[in-house]
Amino acid sequence: MAPLRSARSRQGHRTRVAVLLVTIAAGLGLLPGAALAAPAGQQLNAADAALLAGVRLAGLWEMPAGQMAAEKGQNPVVRQIGAEIAKQHEELDRITVDAANKLGAAIPTDPTAEQQGWLKEMKDSTGARFDQIFVTRLRVAHGKIFPVIGAVRASTRNPVIRDLAEAANTFVNDHMTMLESTGLVRWAELPPAALPAPAEDGLLAAASANTGPQMSVSTTVVWLVFLAALGTGGIATWRMLRRT
């Protein structure tokens with residue numbers, strides 16, 4: 001397959017607010033249990049593929065979101081961190097595309113319909129309301145992907161995915177810290193953590209599964225946990241923004 005290009009290199013053909021984030025949960029454009037084509041010895045399992053696609057989608061919507069914040073944020077701190085988040089996602093997107101090319105893996109090229117809706121929501125808002133939407137949307141999204149990065153990093157057998165998880169962990173943690181520095185995070189209304197179930201049915205066990213009979217069971221658990229986290233996060237986000 002032809003090498004992929006980073007989102008930054010494609011922006012000349014799109015409007016600045018056109019693109020962006022399969023949340024690691026339900027936004028993934030990959031089917032559960034389907035392994036992606038990869039060089040011998042580097043076959044991807046479902047959790048590896050979920051991380052690769054999820055990090056790619058994160059950049060696809062958070063880059064333009066950060067650019068919008070840099071341009072129209074009311075709070076100077078929001079403008080500053082928006083520019084920095086967009087810049088860092090440009091680098092993380094390059095790392096993700098390089099990883100996909102090394103693995104011969106297919107990754108998303110456009111944000112999901114939901115993510116495009118978030119961008120439109122930001123585009124249509126101004127002033128303090130824009131600042132609140134920007135911080136709320138990005139903080140909830142980062143909070144959902146952060147534990148998944150850790151689970152995959154702890155269990156993957158693929159060195160390329162391991163390196164990607166380490167890079168993503170650093171960027172996502174930095175972004176949460178920056179968003180929290182705005183003072184706009186509504187801590188009491190953040191969605192509760194979607195903790196993995198104990199024993200072999202948990203998220204960590206699912207992330208460590210490769211192929212074979214365990215794949216279908218573990219993959220199902222991964223998607224159930226991700227979907228539960230997505231639903232909880234979406235409801236909490238809606239409630240927070242409704243009060244703005």
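Me: Quick one to start: is Val 160 buried or exposed?
Reply: Val 160 is buried, with a relative accessible area of 13%. Keep in mind that this is a predicted model.

Me: Where does Val 160 sit?
Reply: Val 160 belongs to helix H6. Across the sequence, Val 160 and Asp 98 are 62 residues apart, yet their C-alpha atoms are 9.5 Å apart in space.

Me: OK, step back. How many helices and strands does the protein have?
Reply: There are eight helices and zero strands. Along the sequence the pattern reads α-α-α-α-α-α-α-α. Buried residues account for 50% of the 244 residues.

Me: Back to H6, then. How do the axes of H3 and H6 cross?
Reply: Helix H3 covers residues 76–103 and helix H6 covers residues 159–180; their axes come within 10 Å and cross at roughly 170 degrees. An angle over 145 degrees counts as roughly antiparallel, so H3 is roughly antiparallel to H6.

Me: Which residues make the contact?
Reply: On the H3 side they include Ile 81, Ile 85, Gln 88, His 89, Leu 92, Ile 95 and Ala 99. From H6, the contact residues include Val 160, Ile 161, Leu 164, Ala 168, Phe 171, His 175 and Met 178.

Me: And how do the residues of that contact divide into nonpolar, polar and charged?
Reply: The contact of H3 with H6 has 14 nonpolar, four polar and four charged residues. Charged ones among them are Glu 84 and Lys 102 of H3, plus Asp 174 of H6.

Me: What about the largest nonpolar core, which residues touch the most other members?
Reply: That core has 24 residues, and the ones touching the most other members are Leu 51, Leu 52, Val 55, Leu 92, Ile 149 and Ile 161.

Me: What's in the second core?
Reply: The second core is separate and has 19 residues, including Leu 119, Met 122, Phe 130 and Val 185.

Me: Switching to Lys 72. What does Lys 72 contact, leaving aside its neighbours in sequence?
Reply: Beyond four places in sequence, Lys 72 is in contact with Met 122, Lys 123, Ser 125 and Phe 130. Met 122 and Phe 130 both belong to that second core. Lys 72 itself is in helix H2 and is partly exposed, with a relative accessible area of 26%.

Me: What does His 142 touch?
Reply: Not counting residues up to four places away in sequence, His 142 touches Glu 62, His 89, Val 172, His 175, Met 176 and Leu 179. C-alpha to C-alpha, His 142 and Met 176 are 6.6 Å apart, and they are 34 residues apart in sequence.

Me: And Glu 90, how exposed is that?
Reply: Glu 90 is partly exposed, at a relative accessible area of 30%. This residue lies in helix H3, and its C-alpha is separated by 7.1 Å from that of Gly 59, 31 residues away along the chain.

Me: Last topic, confidence. Where is it lowest and highest?
Reply: It is lowest in helix H7 (residues 203–208), at a mean of 52, and highest in H3, at 97. The protein averages a pLDDT of 77, and 62% of the residues score at least 70.

Me: Which stretches stay under 50?
Reply: Residues 12–38 do, and for them the model has 97 contacts beyond four places in sequence. Over residues 210–218 the pLDDT is also below 50, with nine contacts beyond near neighbours in sequence. Where pLDDT is low, the predicted coordinates should not be read in detail.

Definitions and conventions: Residues are numbered from 1 along each chain as its sequence is written. This is a predicted model: local features need pLDDT of at least 70, side-chain atom pairs count only at pLDDT 80 or more; totals for chains, interfaces and linings use all residues. Side-chain values use heavy atoms; hydrogens and water are left out. Axes are lines fitted to C-alpha atoms, for helices over the stretch in contact, and angles run from 0 to 180 degrees between N-to-C directions. Helices (H or I, at least four residues) and strands (E, at least two) are DSSP runs, numbered from the N terminus. Angles under 35 degrees count as roughly parallel, over 145 as roughly antiparallel, 65 to 115 as roughly perpendicular and the rest as oblique. Contact means heavy atoms within 4.5 Å. A nonpolar core is a set of buried Ala, Val, Leu, Ile, Met, Phe, Trp, Tyr and Cys residues joined through side-chain atoms within 4.5 Å. Buried means under 20% relative accessible area, exposed over 50%, partly exposed in between (1.4 Å probe, protein chains only). pLDDT is the predictor's confidence in each residue, from 0 to 100.
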